[in-house]
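Hi,

Here is the two-chain file I promised you. Have a look at it first, and then read on for what came out of it.

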Amino acid sequence: MAGQTSKSFVDNLGKIYGGYAGGFIGFVIVLAILEQMGVPNKVIGYCFVFLTIGVYAYIGIISRTMEISEYYVAGRVVPPFFNGMATGADWMSAASFISMAGGLYLAGYGGLGYVLGWTGGYVLVGVLLAPYLRKFGQFTVPDFLGVRYEGRTARFCGVVVLFCASFTYIVAQTYGIGIITSRFLGIPFEIAIFVGLLGILVCSMLGGMRAVTWTQVAQYIILIIAYLIPVVWLSVKLYGNPIPELAYGQVLDQIGQFEKKLAIVKPHAAAFVDAKGQFSWVEFNNFWALVLCLMVGTASLPHILMRYFTTPNVRDARTSVGWSIFFIFLLYFTAPAYAAFAKLEVYTNVIGHPISSLPAWVQNWSQVGGLLTIKDANGDGILQLAEFVINQDIIVLSMPEIAGLPYVISGLVAAGGLAAALSTADGLLLAIANALSHDIYYKMIDPKASTARRLIVARVLLVLVAIVGAAVAGTRPAGIIQMVAWAFSLAAAGLFVPLVLGIWWKRTTTAGAITGMICGFGVCLYYLIGTRYFGMAEWFGIRNISSALFGLPVAFVVTIVVSLMTKAPSKEMQDFVDSIRVPKGELHWVAGTAHD
Amino acid sequence: MAELTPSQREAYWSKTSRLMWTIMVLWFVFGFGIHLFAVPLNSVSIFGFPLGFYMAAQGSLIAFVVLCFWNARAQNKIDQEFGVSED
C-alpha cells in the first residue's frame with residue numbers, strides 16, 4: 001500500500017484478515033504453552049500489550065498517505081462487510097468491553113438499558129442518516145451542516161458539539177487504556193496513560209482514516225475473540241455447552257439460589273427495582289431515558305457517522321449498517337452472559353471463603369487505584385458479601401482470574417480491552433482533528449491552504465488533542481461508562497435534530513437549525529454541569545447520564561417553530577435536498593456553499 | 001441517466017417514507033414497547049431465562065439486526081423499481 005489503496009488489496013481482504021486471525025490464535029496458543037512451561041505472568045502480560053500494539057502500529061505505518069481523500073475517507077473503497085467490522089471496533093469502546101458487563105453485574109436488569117440503547121441506535125443510523133450522508137459524499141459531519149444550512153455558523157455549531165461530545169468520550173477511552181496498561185505492565189496509572197497514548201497515535205497519525213479503518217478491522221478481530229473465549233470456556237466447563245448465550249439461563253437460576261442463601265434483596269433479573277428490591281418509578285423512568293439517549297446519541301456521534309462516508313456507494317452504506325450492528329450484536333448479546341458467569345464465580349469462589357486463602361489476583365487488582373477493596377469489617381476472617389467491593393470497570397478484566405482460568409486468558413482479555421479502547425480513541429481523535437483541520441482551518445480560516453499544509457495541520461492537531469485528552473484522563477474525572485453516556489447525551493441533543501430534519505424535512509431553515517442546536521445543546525449541557533458540579537436538583541429524578549432527555553425535545557420544538565416562522569429555504573436548497581434523497585445522480589449544489 | 005420527474009420523485013419519496021415509518025414503529029416496539037411489560041413477562045420462564053430479562057438481553061437485539069438488513073433490502077428494491085439504484 002503506497003499512497004493509494006490498491007484494488008488487489010481490497011480484493012484480498014478476506015484472505016489477509018483470515019490469515020491474520022489465524023496468526024493471532026496461533027500466538028495465543030504459543031503463549032499458553034509458554035505459560036505451562038513456567039514463563040512468568042508478567043512476561044505474558046507484556047507480550048500481549050506490546051505485540052498487539054506493534055501490529056496496529058505496523059498497519060498504521062504501511063497505511064500512511066498524503067492523499068486528501070485517503071486521509072479523510074479511506075479512498076471510499078471499504079467494502080460493507082469490512083466497514084461493518086471497522087464500525088464495530090470504532091463503536092465498541094472501553095465502555096462496552098470493560099465496563100458494560102461490569103454494569104450488568106452490579107445493576108442486573110437495570111444494566112440492560114445500555115445493551116438496548118447501544119444496539120437499537122443503529123436502526124436510526126441505517127434508516128434516517130447513513131445512506132443520505134454517503135450520497136452527500138463530503139468529508140465530515142459539520143460539512144453537511146455547513147452546506148445544508150448555508151454558512152459558517154451552522155458548521156461552527158456542529159464543530160462545537162462534535163468537540164464536546166467526542167472529547168468527553170476520548171477521555172473515557174484514555175482512562176480505560178490507563179487501567180489496562182497499568183495493571184498488565186505493572187506501572188503507575190498516570191504513566192500508563194501516556195504509554196497508551198503512543199499506541200493511539202501510531203495508528204492514526206500517519207494514515208488518517210485509511211490507517212484507522214484497516215487497524216480497526218484488525219482490532220475488531222482481536223476484541224471479539226478476546227471477549228468470547230473466556231465465557232465460552234466457562235460455559236463448557238460448567239455446563240458442557242459451548243454457547244454461553246444459551247447456557248446462562250441456568251446461571252441466572254443458580255444466581256437466584258445464591259441470592260436467597262445470601263439474603264440479597266435485589267434480584268439480578270428483576271426489572272425496575274431500587275436497592276431494596278421494590279418497584280421504583282425513578283428506576284423505571286431512568287431506564288427509558290437512558291435507552292432513548294443512547295439510541296439517539298448513536299445516530300449523532302460523528303466518529304460513527306463518518307465511517308459511512310468510506311463505503312463505495314449509497315447501497316453499500318446501507319448494507320454496511322446491517323453488518324455493523326451484526327458485529328456489535330455478537331459482543332452485546334454475550335455481555336449479559338459474561339456478567340452472569342462472573343457473578344456466579346464470585347458467589348462460588350470468593351464470597352464466604354477465608355480472606356487469607358484468597359488468590360494473588362486480589363492483591364494485584366487492589367493495587368490499581370482503589371478499584372477493588374476487601375475489608376474484614378466484622379473481623380471473622382471470612383469474606384462476607386458486604387466486605388467485597390469491586391468496581392464495575394475491572395469485572396471483565398479480572399473475571400478470568402476470579403474463575404481460575406490460566407493467566408493467558410487474562411492477557412487475552414487485556415489485549416481485547418486495549419483493542420476496544422484504542423480503536424474507539426483513534427476514531428474519535430480523527431473525528432475531532434478532522435473537524436478542526438478541515439472545518440475550522442481549511443473551510444473557515446485558510447480556504448487556499450495546500451493539500452500538504454492541510455494534512456500537516458490535521459496531524460499536529462491530532463497530537464495536541466490526544467495529549468490534552470490524556471492529561472484530563474489522568475485526573476480520573478468519573479467512571480468510564482458515565483463519561484461515555486455523557487458524550488452520547490451531548491451529541492444527541494446537539495446534532496440529531498439538524499441532521500435528521502435537514503434530510504427529512506425540507507422546510508427546516510438555517511435559523512431554525514442553528515437556534516435548535518444551540519437551545520437543545522445548551523439545555524443538555526446546563527443540566528449535566530448543574531447536576532454534576534453545582535448540586536442542582538435532578539428534574540423528575542432523571543440522572544445526568546440521560547441529560548439529552550431534556551435537550552432533545554427542546555431542540556426539536558425550537559427547530560420546528562423557528563423554521564416555520566422564518567422564510568422557507570430557497571428552491572435551490574430544496575433541489576439539493578431532493579438530490580441527496582436519491583441514490584443515483586448528481587448532487588444539485590447550491591451556489592456559494594463551499595464544497596470540494 | 002434521466003433524472004426523475006417531480007411526480008416520480010414524489011412517489012419514490014413517499015414509498016421511502018412509508019418504509020421509514022414502518023421500521024421506526026417496529027424499532028419503537030422492540031426498543032421500548034415490549035420492555036414496558038418486563039415485570040409481568042419476568043414471571044414467564046423460557047430455558048431458565050425470565051422472559052422480560054431475555055427480551056432486553058437478546059430478543060430485541062436480534063430484532064434490531066433483522067430490521068437493519070431488512071431496511072437495506074427493501075430500500076434497494078424501491079431504488080430498483082424507480083431505476084435510481086447505483087450500478
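A word on burial before anything else: a residue counts as buried if 20 or more other C-beta atoms lie within 10 Å of its own, with C-beta atoms placed from the backbone. By that count, buried residues make up 57% of the 596 residues in chain A. For chain B, 34% of the 87 residues are buried. Keep in mind that this is a predicted model.

Chain A first. Its secondary structure comes to 24 helices and two strands. The C-alpha trace spans about 80 × 55 × 40 Å along the principal axes. Does the overall size point to a compact globule or to something else? For 596 residues a compact globule would have a radius of gyration near 25 Å, and chain A, at 24 Å, agrees with that. As for contacts in chain A between residues at least 6 apart in sequence, 80% of them join residues at least 24 apart.

Two packed helices are described by the angle between their axes and the distance between the axes. For helix α6 (residues 94-107) and helix α19 (residues 407-445) of chain A, the axes come within 7 Å and cross at roughly 130 degrees. On the α6(A) side the contact involves A:A94, A:S96, A:F97 and A:I98, which meet A:G416, A:G417, A:A420 and A:A421 of α19(A). Sorted by class, the residues of this contact are five nonpolar and three polar, with no charged ones.

Now chain B. There are three helices and two strands here, in the order α-α-β-β-α from the N terminus. Chain B has a radius of gyration of 19 Å, well over the 12 Å that the globule rule gives for 87 residues, so chain B is more spread out than a compact globule. Its C-alpha trace spans about 60 × 25 × 10 Å along the principal axes. Of the contacts in chain B with a separation of 6 or more, 52% are between residues 24 or more positions apart.

Finally, where the chains meet: 39 residues of chain B are in contact with 43 residues of chain A. On the chain B side, α1 (6-31), α2 (38-41), β2 (49-50) and α3 (51-81) each supply at least two residues. Which element gives the most to that side? It is α3(B), with 17 residues. By class, the chain B side has 25 nonpolar, ten polar and four charged residues.

Cheers

Technical notes: Residues numbered from 1 in each chain as written. Chains lettered and ligands numbered in written order. Predicted model: local features only at pLDDT ≥ 70, side-chain atom pairs only at ≥ 80, totals over all residues. Contact = placed C-beta atoms within 7 Å. Helix = DSSP H or I, 4+ residues; strand = E, 2+ residues; numbered from the N terminus. Nonpolar A, V, L, I, M, F, W, Y, C, P; charged D, E, K, R; others polar. Rg over C-alpha atoms; globule rule 2.2 N^0.38 Å. Buried ≥ 20, exposed ≤ 12 C-beta atoms within 10 Å, placed from the backbone. Axes fitted to C-alpha atoms, helices over the stretch in contact; angles between N-to-C directions.
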